[in-house]
Amino acid sequence: MKLIGFFNRDGGTFRTTDMEAYESRAETVFREAGHDFDAIVFSGKEIVPAMERAARRDDIDGIVAGGGDGTISAAASIAWKNGVALGVVPAGTMNLFARSLRVPLDIWLALETLAFGEVDQVDIASANGRPFIHQFSAGLHARMVRYRNSYTYRSRLGKLGASARAAFGVVLNPPEFEVDFEAAGVYERRRVSAVSVSNNPFGQNALLYADSLTSGELGFYTAKPLKPLGVARLAVDLLRGKVKENADVMIMHPAQVHLHFPKLHSKANCVMDGELRPLERDVALRLHPGELKVLVQQGLAAQINEAERREVAP
């Protein structure tokens, strides 16, 4: 394959990595695997325009993106829109998409897995046409991200600390708002503290990422209006990977969801793949099954398909 690697030197693990050595190692590994491969290191501001330019080229089969969840989300959007494959090098704080793809979280081991891997096709979702690979959310999560962004931090550990402070702030001051939704033939107005729509349902894990990206379903979650104690209970269930057991949470698995916020505040926010954005009054969310091409470990797709067949077998 003709591939180009784009590594964000400002992203997480890469900040403390010898990027000249990493660039050289990436080129060696991919070329040994038989690919036509060049790697380039960019700053955070430069990397997205560079990926966009490369993906539009006629001679490119795919891009390999290294960085945090924001970089990977942007790369997935670019790969999807241009019909090229995406390889993910997890250099961020949470690396949620890489976890779903089962890419090693060690940035050096990830190179070997991707270079000697295979192309699979997984689901991607969109909100009003804007693609996302992890989740769209409003309410509790958006308030937490807004609080976190108000703090100053310069490292992965600092970001985790800021997230903890922000989470505590949300526990003490949870939001409450109305939402109309249409999903799987259900039309309803609810008063909630949180709305979340994920690209495939979340698995039973504390970080809330999908165990599979090929189910053909969204995860649709709403939480009833919560007081501080209720938010604390929800946080504990999230950390235990037991959110499905929380009585305050409604869960559905539709292919499409339409949200309407009848009393939208002018400064209301949502979060898409970790990025804080203005919340629109109407949001149409849908899944695009199998439309994103990704590099995964050799044989992984067959293993997952076999496991899924065993799960549904009578």
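Predicted model: local features only at pLDDT ≥ 70, side-chain atom pairs only at ≥ 80, totals over all residues.
Rolling a probe the size of a water molecule over the atoms shows where empty space is left. The second largest pocket holds about 410 Å³ of space. Its lining consists of 18 residues, and those nearest the centre of the pocket are R143, P175, H265, A268 and N269. Three elements, β7 (135–139), α6 (140–149) and β8 (177–183), each contribute at least two residues to this lining. The largest share comes from α6, which supplies 3 residues. Sorted by class, the lining of the second largest pocket comprises 9 nonpolar, 6 charged and 3 polar residues.

Across the whole structure, 2 cavities of 30 Å³ or more were found. The largest cavity contains about 50 Å³ of space. It is lined by L96, F97, S100, I133, H134, S198, N199, N200, F202, Y209, A210 and L213. Two or more of these residues come from each of α4 (96–101) and β10 (194–199). The largest share of the lining of the largest cavity, 3 residues, belongs to α4. No charged residue takes part in this lining, which divides into 7 nonpolar and 5 polar residues.

The second largest cavity has a volume of about 40 Å³. The residues that line it are F202, G203, Q204, Y221, G241, V243 and K244. By class, 3 are nonpolar, 3 are polar and 1 is charged.

Side chains of opposite charge can pair when their charged atoms come close. The structure holds 14 salt bridges. One of them joins the side chains of K2 and D38, with an N to O distance of 3.9 Å. This pair links distant parts of the chain, since K2 belongs to strand β1 (residues 2–8) and D38 to strand β2 (residues 36–42), 36 residues apart. K2 has a relative accessible area of 16% and is therefore buried, whereas D38, at 32%, counts as partly exposed. K2 and D38 also belong to a network of salt bridges that includes E27, R31 and D36.

A further salt bridge is formed by R25 and E112, whose closest N and O atoms are 2.8 Å apart. R25 is partly exposed, its relative accessible area being 35%. E112 is likewise partly exposed, with a value of 31%.

The side chains of R57 and D59 meet in another salt bridge, at 3.0 Å from N to O. D59 has a relative accessibility of 42% and so counts as partly exposed. R57 is also partly exposed, with a relative accessible area of 37%.

A pair of aromatic rings is described by the distance of the centres and the angle of the planes. The structure contains 9 aromatic pairs. Among them is a stacked pair of F6 and F42, with 5.8 Å from centre to centre and 25° between the planes. Because F6 lies in strand β1 and F42 in strand β2, the pair ties together parts that are 36 residues apart in sequence. F6 is buried, with a relative accessible area of 2%. F42 is buried as well, at 13%.

Y22 and W108 form an edge-to-face pair, in which the centres are 4.8 Å apart and the planes make an angle of 75°. Y22 lies in helix α1 and W108 in helix α5, so the pair connects parts of the chain that are 86 residues apart in sequence. Y22 is buried, with a relative accessible area of 0%, while W108 is partly exposed, at 39%. Y22 and W108 are also members of one aromatic cluster, together with F7 and F14.

Key:
Residues numbered from 1 in each chain as written. Heavy atoms only, no water. 1 Å grid on protein atoms, 1.4 Å probe; cavity = no way out; pocket = protein on both sides within 12 Å on 5 of 7 lines; lining within 4 Å. Points joined across faces, edges and corners; volume = space filled by probe spheres on them. Helix = DSSP H or I, 4+ residues; strand = E, 2+ residues; numbered from the N terminus. Nonpolar A, V, L, I, M, F, W, Y, C, P; charged D, E, K, R; others polar. Salt bridge = Lys/Arg side-chain N within 4 Å of Asp/Glu carboxyl O. Buried < 20%, exposed > 50% of the residue type's maximum accessible area, 1.4 Å probe, protein only. Phe/Tyr/Trp six-rings, centres within 6.5 Å; stacked < 30°, edge-to-face > 60°.
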